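Me: I have some questions about what the terms used for this model rest on. Please set each value against its definition.

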Amino acid sequence: MPTTHYRACHLCEAICGLKIVTENEQIISITGDMDDPLSKGHICPKGVALKDLHNDPDRLKQPLHKVNGQWHSIEWDEAYQLVADKLHGIASQYGNDAVSFYAGNPNVHNYGHMTHGAHFSRLLRTKNRFSATSVDQLPHHVVSLWMYGHQSLLPIADIDHTDFLLVLGANPMASNGSLLTAPDIRNRLKAIRKRGGQLVVIDPRRTETAKLADTHHFIRPGTDAALLLALINLLFANQQITLNHLGAISDGLADVEQAVQPFTAQWAAHYCGIAATEIEALALQLASAPSAAVYGRMGVSTQGFGTLCQWAIQVLNLITGNLDSVGGTLVTSPAVNPAGPTDRAKGQFGQWHSRVRGLPEFAKELPCSAMIEEIETAGEGQIKAMVTIAGNPVLSTPTGQRLDKALAGLEFMVSIDPYLNETTRHADIILPPASPLAHSHYDIVFARFAVHNTAKFSPEVFAKAGDERYDYQILNGLALALSTKQGKPVAPLPKPELLLAHMLSVGPYSQGRGDVPAISLELLKANPSGIDLGPLRPSLSKRLCTDDQRIHTFNDIIAADINRLAQAMDKPIDGQLSLIGKRDLRSNNSWMHNLPYLIKGKPRCVLLMHPDDMAAKQLQDGQAVTVSNAIGSITLTVSESHEMMPSVVCMPHGWGHTFADTQQQVANDNPGVNMNQLTDVNGLDPVCGNAILSGISVTVSAA
Ligand SMILES: Nc1nc2c(c(=O)[nH]1)N[C@H]1C(S)=C(S)[C@@H](COP(=O)(O)OP(=O)(O)OC[C@H]3O[C@@H](n4cnc5c(=O)[nH]c(N)nc54)[C@H](O)[C@@H]3O)O[C@H]1N2
Ligand SMILES: Nc1nc2c(c(=O)[nH]1)N[C@H]1C(S)=C(S)[C@@H](COP(=O)(O)OP(=O)(O)OC[C@H]3O[C@@H](n4cnc5c(=O)[nH]c(N)nc54)[C@H](O)[C@@H]3O)O[C@H]1N2
Ligand code: SF4
Ligand SMILES: [Mo]
C-alpha cells in the first residue's frame with residue numbers, strides 16, 4: 001500500500017511543503033503539497049532530487065577511519081572515543097584554541113544541529129570558531145545588532161503586500177530567496193506588478209529575477225554602497241523623508257543626513273555606472289510609492305562595503321516610512337524563538353580578535369578568511385585540529401586551494417558529513433548522519449525570515465537503519481565522549497522533537513493568539529501540512545533589544561566606513577574584468593552535484609561573458625578560457641551572454657570536484673572548476689571581515 005507523507009523541504013530557505021509517496025521503503029513520487037500554507041504546492045527540482053539524495057550509493061552509512069591513507073569502517077562508540085582522545089590530547093598539549101570548528105550551511109537547515117550543536121561545540125572552549133556566515137550574510141547580523149540590538153532581528157521585505165520592491169544583489173528566481181523565505185517567488189514577484197506595483201532590480205547580470213522586473217539597472221560590481229548613500233542623500237536633500245511611528249524612537253538621523261552629503265547622484269553615477277537621472281528617479285519612486293521595500297542579499301553582502309550596504313538599506317526603509325510597515329519591511333513572529341528581548345542569543349561584536357590578523361569576532365565566531373592563516377602560522381594558538389560539521393570550505397571559502405593544503409597539514413580532523421568530499425577527504429574520521437528523510441524536521445531558523453508566519457512539523461519518512469545515527473545523536477555521542485575525557489561527563493540532551501515541544505510550549509502561540517489556536521507539537525502533528533500563523537505585522541518597536549529600546553541609526557564605525565567609501569570613489573576605476581557569482585536552480589552550493597536528477601543537461605559550470613568583451617579578446621563561444629589573477633588560475637568554457645554587463649564575467653561557485661580520493665562518482669564525472677581559487681582571503685569587508693566573493697578582478701584569455 002502506498003503511504004503519503006507530508007514534509008517541509010530542508011534544502012534551501014524556501015521550506016516548501018512536499019508530498020512524498022512511498023511504498024515498500026521506496027519513494028514513488030515527490031510533489032508539492034497544495035495545502036502547505038506557505039508554499040501552496042510550489043516545489044523546485046532540488047525537492048524532487050531528495051529521492052536521489054536518499055538513494056545515493058555514495059552517501060556514507062558508517063563511520064570511516066583513515067589509517068595510513070586507507071579508509072576503514074569502524075563502530076560508532078569507537079569513533080567517538082578516538083575523536084575525544086585526539087581533541088582532548090591536542091587541546092591539552094597546545095591549548096584549547098588549537099582545536100578549531102567550522103560549521104557549514106546545512107547546519108541551519110537541520111534542527112538537530114540547532115538544538116544540539118552547541119552542546120558539543122562549547123566543550124571545545126576555542127576562540128577559533130568559524131562558519132559559513134562570514135562568506136554570506138554576516139553584514140545583515142552586524143547591522144541588526146547595531147541598529148536593533150539583536151543579530152537576528154532582521155526586517156523582512158513584505159513582498160506580498162508591497163507596492164514597490166527594489167532588489168539589489170539577489171536572484172531569488174534561482175536561489176528561491178534568502179533571508180526572504182518566500183516559496184514560489186515567481187508568482188509572488190509577478191503579483192506585485194499585477195496589483196499595479198513595481199519591481200526594480202540592480203544587478204551586473206540581467207538575471208532571471210531582472211527579467212521579471214519593470215526596470216533593471218546594471219551596476220559595476222562592488223559599488224552599491226555609493227548608489228545607496230546617494231539615494232539617502234537625495235531623500236534628505238529633497239525633503240522627502242517620511243518617518244512613521246519609529247521616527248520618535250530613532251536616534252542619529254541628523255548624523256546620517258550630514259554623513260551622506262558628499263554622495264551626490266552625479267558622483268555615485270560615475271562610480272557605479274547608473275546614470276544620475278536614473279538614481280534621481282529611483283529616489284523619487286521610493287519616496288512616492290504608497291509602500292516600498294528595499295531588499296539586498298549576497299551580491300551586496302559579499303563585497304568590500306557589505307556592511308555599509310546593509311546599513312544603508314535599513315536606513316532607506318526607515319526614512320521612507322517603510323520599516324515596520326505593511327508592504328515595507330517587517331520582523332516576523334514565528335512559533336519558536338522569535339528574535340526579541342527574551343531571546344538570549346542577541347549577538348556580540350569585536351569582543352576579541354583573530355590571532356594573526358586581528359579580525360573581529362562576531363557572535364563568538366571569527367571570519368572564515370582568517371582560517372587558513374590560523375592553521376599555517378606557527379605559535380601559541382595555532383590550529384592543529386579541525387572539526388567540520390556540514391561544511392565544505394575547500395570549495396566554499398576564499399582561496400580554497402590554499403585551505404586544501406593547510407587542512408592536509410593538520411594533526412587531526414573529524415567531519416560530521418554524509419559525503420567523502422573535497423573537505424572531508426582530509427579528515428581522519430568521518431561521522432555520517434542518516435538520510436535526511438530519516439530525520440524529523442522543524443525549520444527553527446528560516447521560519448524567522450519568512451514573508452508569512454507559519455509552523456510545520458515534519459515526521460521522518462523512513463526509519464533509519466539500526467546502526468545509523470541522527471546528526472543530534474552524533475553530537476550527543478561526541479559531547480559525552482569528550483566531556484568524559486575532560487573529567488566532567490555531560491548528560492545527553494533529549495531528542496530535538498522533545499526540545500521543540502518545549503520551545504513551542506513557551507513560544508508566543510502557546511496560549512493561542514488572535515485566530516491562531518494554541519500551538520503545540522501535538523497540534524502540528526495533527527496538521528501535517530502546517531498551520532498558518534498569519535501575515536507579518538508591525539511589531540519592531542516592541543521587539544527592540546537595544547539597551548534604551550531605541551533604534552541606533554548611526555555610529556562611529558559607520559562614519560569611518562563612509563569616509564573609506566568616499567576615498568575609494570576618488571580612485572581611478574580598475575579597467576580589468578570583474579568576476580561575479582551565479583546560482584542556478586539545480587545546484588545548492590557545493591554538495592548536490594552527485595545527484596543524477598540535478599546534474600543532467602548541459603554543463604553549467606561555464607563562464608558567461610558579453611560578446612563585446614569576447615570580441616576584444618578574439619574568443620569564440622564554447623572555447624576553453626583561462627581565468628586568472630594573483631590568487632589563482634582556472635580553465636573553463638566561455639559562453640557568450642547578452643545578460644552580462646560589459647566588463648563583467650560570471651560563473652557559479654561550489655564546483656571543482658576534481659580530487660580522485662573523494663567518493664562522489666557523479667560529481668567527479670561532472671567536476672567543473674572552483675571559483676574560490678580566485679577569491680582572496682585578504683579581500684574582505686574590513687568592518688566585519690565578511691569575505692568578498694563578487695567583483696573579483698581577473699583576466700580572461702584563450703586556454
Ligand atoms: N565564490 C563563492 N563562494 C561562496 C558563495 C558564493 O556565492 N560564491 N556562497 C557562500 C555561501 S552563501 C555559503 S552558505 C557557503 C556554503 O559553504 P559550506 O556550508 O561550507 O558548503 P556547502 O557546499 O553548503 O557544504 C555543505 C556540506 O554539508 C554536508 N551536508 C549536507 N546535509 C547535511 C546534513 O544534514 N548533515 C550534515 N552533517 N552534513 C550535511 C554536505 O555533504 C557538504 O559537505 O558557500 C559560500 N561560498
Ligand atoms: N539553487 C540554489 N539556491 C540556493 C543556493 C544555491 O547554491 N543554489 N544557495 C543558498 C544560499 S546558501 C544562499 S546564501 C542564497 C543566496 O541567495 P541570493 O542572494 O539570491 O543568491 P545569488 O543568486 O547568488 O544572487 C546574488 C546576485 O547578486 C548579483 N551581484 C553580484 N555582485 C553584485 C554587486 O556588486 N552588486 C549587485 N547589486 N549585485 C551583484 C549576482 O549577479 C546575483 O544575481 O541562496 C540559497 N539558495
Ligand atoms: S525551493 Fe528550496 S525548499 Fe522548495 S523544493 Fe526547492 S530546494 Fe526545497
Ligand atoms: Mo548561504
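Me: Why is the pair Arg205 and Glu643 called a salt bridge?

Reply: A salt bridge needs a side-chain nitrogen of Lys or Arg within 4 Å of a carboxyl oxygen of Asp or Glu. The closest N and O atoms of Arg205 and Glu643 are 2.8 Å apart, so the pair meets the 4 Å limit. The model is predicted: local features need pLDDT of at least 70, side-chain atom pairs count only at pLDDT 80 or more, and totals for chains, interfaces and linings use all residues. Side-chain values use heavy atoms, without hydrogens and water, residues are numbered from 1 along each chain as its sequence is written, and chains are lettered from A and ligands numbered from 1 in the order in which they are written.

Me: How many salt bridges are there between domain 1 and domain 2?

Reply: The count is two.

Me: What makes these two parts domains, and where do they lie in the chain?

Reply: The bounds come from an automatic or database domain assignment. Domain 1 is 163-335 + 542-562 and domain 2 is 574-702. Their C-alpha centres lie 28 Å apart. The contact (heavy atoms within 4.5 Å) takes 23 residues from domain 1 and 24 residues from domain 2.

Me: What area is buried between domain 1 and domain 2?

Reply: About 1,800 Å², of which carbon and sulfur atoms give 60%. Buried area is the accessible area (1.4 Å probe) that two parts lose on being put together, summed over both. Arg205, Pro221 and Thr302 supply 30% of the area that domain 1 buries against domain 2, more than any other three residues.
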